[in-house]
Amino acid sequence: MTILVLNAGSSSLKLAVLDPVSGVRRLTALAERLGTPQASVRVNREDAVALDDPSFAGALTFLQPRLQERDLRIHGIGHRVVHGGEQFTAATLIDDAVCRAIDTCSRLAPLHNPANLAGITATRTLFPDLPQVAVFDTAFHQTMPPQAWRYAVPEAWYREHGVRRYGFHGTSHRYVAARAAEMIGRPLAELALITAHLGNGCSAAAISGGRSLDTTMGLTPLEGLVMGTRSGDVDPGIIAHLVQATGQDAVAITRQLNSASGLLGLSGLSNDMRTITTAAADGHPGANLALTVFCYRLAKHIAALTVALGRLDALVFTGGIGEHSAVVRARTLALLGFLGLREDPVANASDGDANGRITLPGGTQALVVPTDEERLIAQDTADLIARRRESTR
């Protein structure tokens, strides 16, 4: 079975055609600057081509004959959807009712869900006969107990406005937890893991027996760890303070917490951890502060998540920073020695040994596990399609 996987952002569309079993990509594409005159699309590693129609539908219309040229027979389409609220606890076959529910959740993810829905609408028009599946970032965390997802706020805020912790990056956390179990050689059902997805967006999750018990992101992807441009945890009183002090409204302050804070805000230099670590090594004070705060807050949240687990069998690093920054991993592990984590400098410098391990034998394991959200979306899509076929026989 060959699956088309789409990840639609506010101005971009990432696409992959892959085998869900092997994970082999048969085609990849990236459309950028959608909605602008500069919209373009790149197929595999070919040069970017300007789009006459800069919409999601225009990008997919451009790509449709490229699929046919390569004789790629698509059996289904899987979509990454950021927010599924409380309604979706697993991947779901898409119909009109599901689209309406995704639209309703847009109030909780106004930057993401409308774009996800635009991608779904375009593919349903262009590929009307193909089954399509929504895979939700929030679904994996719906197993959290109330003490993890409730905020200590008025009950009416939750009942009437959905104010609770949802968590994100669920597809990545689910994938790397399963891969970590394979690499360790133990059943996932027996393991207590903390997975740290570290990229421009960052989150960590406590996973016991393959189920999420707690995570660092909340109502929105702004809560939790320090990120590329997002602040992570702050005192909510900051917003009222700055509204009074600057005359800006709460929306403008929140926008800066999302796009001008994190590594960029601390360093005054960049949101890219590669730039930050290089500059810190060269003595840049802002970069050194950003790196120090990032690792301290990461270690602090990892330690806190062990409360949900009761023990820790392994810590898993993934995402662009988690997979490639030996400096971040080393600094974080150095703060977590009391959990039995002891860095193996040689393995860490190589982004893990043959089994992904970056810690010395005899203690708690830490692993580097590359994530592959597209492959898991493809697997979920293929599974649902197969189940639907069985049910209609």
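Good morning. I begin with a definition: a crossing of two helices is called right-handed if the near helix is turned clockwise from the far one by less than a right angle. With that term in place, I turn to the structure above, which is a predicted model.

Let me start with the packing of helices. Two packed helices are described by the angle between their axes and the distance between the axes. Helix H7, residues 237-246, packs against helix H8, residues 250-259, at an angle of about 115°. Their axes are 9 Å apart. The hand of this crossing of H7 and H8 is right-handed. Which residues meet here? On the side of H7 they are Ile239, Leu242, Val243 and Thr246, and on the side of H8 they are Ala250, Ile253, Thr254 and Leu257.

A second pair is formed by H10 and H11, whose axes come within 8 Å and cross at roughly 115°. The crossing of H10 and H11 is left-handed. From H10, the contact is made by Met273, Ile276, Thr277, Ala279 and Ala280. From H11, the residues in the contact are Ala287, Asn288, Ala290, Leu291 and Phe294.

This brings me to the nonpolar cores. In soluble globular proteins, nonpolar side chains tend to be buried together. In this model, the largest nonpolar core has 41 residues. The members that touch the most other members are Leu198, Met273, Phe294, Leu298, Leu315, Phe317 and Val328. Several elements give two or more residues to this core, among them strand S9 (192-198), strand S10 (202-208), helix H10 (273-281), helix H11 (285-309) and strand S12 (314-318). Which element gives the most to this core? That is H11, with 10 residues.

Please look for a moment at Leu315. Not counting residues up to four places away in sequence, Leu315 touches Ile194, Ile302, Leu333, Leu336, Leu341, Gln365, Ala366 and Leu367.

I now come to the aromatic residues. The structure holds two aromatic pairs. In the pair of Phe88 and Phe136, the ring centres are 4.3 Å apart and the planes stand at 10°; because planes under 30 degrees apart count as stacked, this pair is stacked. Where do the two partners lie? Phe88 is in the loop between strand S6 (76-81) and strand S7 (92-93), while Phe136 belongs to strand S8 (residues 132-136), so the pair ties together parts that are 48 residues apart in sequence. Both Phe88 and Phe136 are buried.

The other pair is Trp149 and Tyr158, with ring centres 5.3 Å apart and planes at 50°, so this pair is tilted. Trp149 and Tyr158 are both buried as well.

Rings also take part in another arrangement. The charged end of Arg66 sits over the ring of Phe62, 3.8 Å from the ring centre. Likewise, the charged end of Arg164 sits over the ring of Tyr166, 4.8 Å from the centre of that ring.

Next, two residues with a particular backbone angle. His169 is not a glycine, yet it has a positive phi of about 60°. Its place is in the loop between helix H5 (155-161) and helix H6 (170-184). Is His169 buried or exposed? Its relative accessibility is 10%, so His169 counts as buried. Asp351, also not a glycine, has a positive phi of about 60°. Asp351 lies in the loop between helix H14 (345-349) and S13. With a relative accessibility of 28%, Asp351 counts as partly exposed.

Finally, two prolines. Pro221 is found in the loop between strand S11 (211-215) and H7. Its relative accessibility is 17%, and because buried means under 20%, Pro221 counts as buried. Leaving aside residues up to four places away in sequence, Pro221 touches Phe168, Met227 and Arg230. Between Pro221 and Leu72 there are 35 Å in space, C-alpha to C-alpha, and the two are 149 residues apart in sequence.

Pro114, by contrast, lies in helix H3 (residues 113-126). Pro114 is partly exposed, with a relative accessible area of 40%. Beyond its neighbours within four places in sequence, Pro114 is in contact with Ser106 and Ala109. The C-alpha atoms of Pro114 and Gln132 are separated by 17 Å, and these residues are 18 residues apart along the chain.

Thank you for your attention.

Note on methods
Residues are numbered from 1 along each chain as its sequence is written. This is a predicted model: local features need pLDDT of at least 70, side-chain atom pairs count only at pLDDT 80 or more; totals for chains, interfaces and linings use all residues. Side-chain values use heavy atoms; hydrogens and water are left out. Rings of Phe, Tyr and Trp (its six-membered ring) pair if their centres lie within 6.5 Å; planes under 30 degrees apart count as stacked, over 60 as edge-to-face and the rest as tilted. Helices (H or I, at least four residues) and strands (E, at least two) are DSSP runs, numbered from the N terminus. Buried means under 20% relative accessible area, exposed over 50%, partly exposed in between (1.4 Å probe, protein chains only). A charge sits over a ring if NZ of Lys or CZ of Arg is within 6 Å of the ring centre and within 35 degrees of the ring normal. A nonpolar core is a set of buried Ala, Val, Leu, Ile, Met, Phe, Trp, Tyr and Cys residues joined through side-chain atoms within 4.5 Å. Contact means heavy atoms within 4.5 Å. Axes are lines fitted to C-alpha atoms, for helices over the stretch in contact, and angles run from 0 to 180 degrees between N-to-C directions.
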